[in-house]
Amino acid sequence: MTQATEPQQRGIIVTDSAMNHIKSLRSQQGGEDLCLRVGVRGGGCSGMSYTMDFEQIQNIQPNDEVFEYEEGFKVVCDPKSLLYIYGMALDYSNALIGGGFQFTNPNATQTCGCGKSFSA
């Protein structure tokens, strides 16, 4: 895993590699007024799967947990999802095999081979 940005202060750890890729994707999506929403939903090989999508900052709900990173970038999570992913590290690899976003979730009791779903 690459160097994390101040992990002790955040419930969701984003490595430098993941942050760089997220910022690149965000500029392709239309800009600086987008935050990254992460969460979980039922489904996937192991019972729950991770979700990530960009969202307008003004759509942040009062009960959402907001984690601020460098240059004011925000990662947002709803309280129900946060119960399952608190302490998760989000990393990114551009490897041809096994590349993409990788989730390291300390709350997962089982993960599938693809690494995109888990059970807790």
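This is a predicted model: local features need pLDDT of at least 70, side-chain atom pairs count only at pLDDT 80 or more; totals for chains, interfaces and linings use all residues.
Trainee: Why does Asp 78 count as partly exposed?

Mentor: Buried stops under 20% and exposed begins over 50%. Asp 78 has a relative accessibility of 25%, so it counts as partly exposed.

Trainee: Now for Asp 64 and Arg 37. Why is that pair called a salt bridge?

Mentor: Here the nitrogen must be within 4 Å of a carboxyl oxygen. The closest N and O atoms of Asp 64 and Arg 37 are 2.6 Å apart, so the pair qualifies. Asp 64 is in the loop between β3 and β4 and Arg 37 in strand β2, 27 residues apart. Both residues are buried, and together with Glu 55 they're linked in a network of salt bridges.

Trainee: What about Lys 23 and Glu 70? What makes them a salt bridge?

Mentor: Try the cut-off of 4 Å again: their closest N and O atoms are 3.2 Å apart, so they pass. Lys 23 lies in helix α1 and Glu 70 in the loop between β4 and β5, so the pair ties together parts 47 residues apart in sequence.

Trainee: And is Lys 23 buried or exposed?

Mentor: Its relative accessible area is 15%, which is under 20%, so Lys 23 is buried. Glu 70, at 31%, counts as partly exposed.

Trainee: Which residues are buried in α1?

Mentor: Ala 18, Met 19, Ile 22, Lys 23 and Arg 26. Seen down the axis of α1, the buried residues fall within an arc of 130 degrees, so they line one face of the helix. Asn 20, Ser 27 and Gln 28 are exposed on the other side.

Trainee: How do you know that the span of α1 agrees with what it should be?

Mentor: With 14 residues at 1.5 Å a residue, α1 should span 20 Å, and its end C-alpha atoms are 20 Å apart, so the two agree.

Technical notes
Residues are numbered from 1 along each chain as its sequence is written. Side-chain values use heavy atoms; hydrogens and water are left out. Helices (H or I, at least four residues) and strands (E, at least two) are DSSP runs, numbered from the N terminus. The expected span of a helix is 1.5 Å times one less than its number of residues. Buried means under 20% relative accessible area, exposed over 50%, partly exposed in between (1.4 Å probe, protein chains only). The arc is that of the directions from the helix axis to the C-beta atoms. A salt bridge is a side-chain nitrogen of Lys or Arg within 4 Å of a carboxyl oxygen of Asp or Glu.
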